[in-house]
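Please look over the sequence and the structure below before reading on. The text then goes through the places where parts of the structure meet.

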Amino acid sequence: MARNDVLVSAEWAEANLATPGIVFVEVDEDTSAYDDAHLPGAIKLDWKLDLQDAVRRDFVDRAGFEKLLSERGVANDDTVVLYGGNNNWFAAYAFWYFKLYGHQDVRLIDGGRKKWELDGRPLDAEPVNRPATQYVASEQDLTLRAFRDEVVASIGTKNLVDVRSPEEFTGKILGPAHLPQEHAQRGGHVPGAINVPWSKAANDDGTFRSDAELAELYGAAGIDTNRSTIAYCRIGERSSHTWFVLSQILDLPDVKNYDGSWVEYGSLVGAPIEVPVPA
Amino acid sequence: MTSCGAPAQTGQVALAPGATIIDGTVTAGGAPVRGAYVRLHDADGEFTAEVVTGDTGQFTFYARPASWELRVLSRAGNGSERLEATEGRTTVELGL
């Protein structure tokens, strides 16, 4: 993969809104954003209601994903073009998720909804109904998804990229202040992890930085391009953004997203944690 | 679980004891700008948070006492402003 295979410009997207075989999908944390206005013809996926199991902490299973995409009218050979708010956090999360279930052609609109709005491109609130399909998903591609035991076993052998804020990385805070019910038991980070907040990969308008800037960013932070990599954050959404950069734009081999992330890791009994030594 | 993104920019803001809030409104030609992207960067220019203004152009950040830079991107124009936030409420009127 390379930038041109996975990223489309807002200009390209606008020119292809009505192109058969291309499905635009908005994925936002604020699902009301879509209801207020969306790209003409775009469908919505709710990252929580549609993509998470309603009971266990896990994704909908293969059959559930097939049912979801069939009902929403996405076909296996469609080009899925994702976009969303918050600098494409959840669009990147959905990109990773679509890849996990084997969808072939998935793209992101560079800059997501923010760039689209700032450009003054068209939005409408028209209901969108696509004819149902018979979508067939693959089993999850677990070369893209890390679980807790692999993370512990990777300490000292793989690149571990913690994309949270420096305050979360150092354990000064457990998570965003407005989410006090969703914190791990302990603060800090996985031993040996490097801290590259996700936002460093994006420009102010939400577009991704250039290949050269991204290579410089992660190189300077200490990524060893000969090693495998696991990215994590708090619940796996911000780290999807970084997973996208490392695996899809910079084309590093063997990059996984750890969606269990700090909410899981920081609550594991006995798991090693690193915090700064008090001065 | 809930995403790490900012809560919606609506309703009253509660100022808890010891909290530091940076809030204000974005205006252009005296009129509030809805849908402006307001970004909070630290003194080194590092991004910290981003919110989108509501109907009356208002925004709110829960922060800490420090030097900050607000950057605004909108259809009505872009702008930035540096400020010193102290404990309590620091209110900024951002005219574009």
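What follows describes two interfaces in turn, one inside a chain and one between chains.

The model is predicted. Begin with chain A, which the domain assignment divides into domain 1 (3–118) and domain 2 (148–265). Taken over C-alpha atoms, the centres of domain 1 and domain 2 of chain A lie 22 Å apart. Where they meet, 20 residues of domain 1 of chain A are in contact with 26 residues of domain 2 of chain A.

The size of an interface is often given as the accessible area lost when the parts come together. For domain 1 and domain 2 of chain A, the buried area is about 2000 Å², and carbon and sulfur atoms give 63% of it. On the domain 1 side, 34% of the area buried against domain 2 of chain A comes from R3(A), W89(A) and W96(A), more than from any other three residues.

R3(A) also takes part in a salt bridge: its partner is D211(A), and the closest N and O atoms are 2.6 Å apart. The count of salt bridges between domain 1 and domain 2 of chain A is 1. Residue pairs in polar contact between these domains, both at pLDDT 80 or more, number 7.

Which helices does domain 1 of chain A bring to this contact, with at least two residues each? They are α1 (3–6), α5 (89–100) and α6 (112–118) of chain A. Of the elements on this side, α5(A) gives the most, with 7 residues. By residue type, the side of domain 1 of chain A that touches domain 2 of chain A divides into 12 nonpolar, 2 polar and 6 charged residues.

Now turn to the interface between the chains. Here 19 residues of chain B are in contact with 30 residues of chain A. The two chains bury about 2100 Å² between them, with 53% of it on carbon and sulfur atoms.

Between chain B and chain A there are 5 salt bridges. A salt bridge joins the side chains of K114(A) and E50(B), at 2.5 Å from N to O. The count of residue pairs in polar contact between chain B and chain A is 8, both residues being at pLDDT 80 or more.

On the side of chain B that touches chain A, the strands β3 (37–42), β4 (47–52) and β6 (66–73) of chain B each supply at least two residues. The most comes from β3(B), with 3 residues. The residues of this side of chain B comprise 7 nonpolar, 6 polar and 6 charged.

Definitions and conventions. Residues numbered from 1 in each chain as written. Chains lettered and ligands numbered in written order. Predicted model: local features only at pLDDT ≥ 70, side-chain atom pairs only at ≥ 80, totals over all residues. Heavy atoms only, no water. Contact = heavy atoms within 4.5 Å. Buried area = accessible area lost by both parts, 1.4 Å probe. Salt bridge = Lys/Arg side-chain N within 4 Å of Asp/Glu carboxyl O. Polar contact = N/O pair within 3.5 Å; in protein donor to acceptor, adjacent residues only side chain to side chain. Helix = DSSP H or I, 4+ residues; strand = E, 2+ residues; numbered from the N terminus. Nonpolar A, V, L, I, M, F, W, Y, C, P; charged D, E, K, R; others polar. Domains from an automatic or database assignment.
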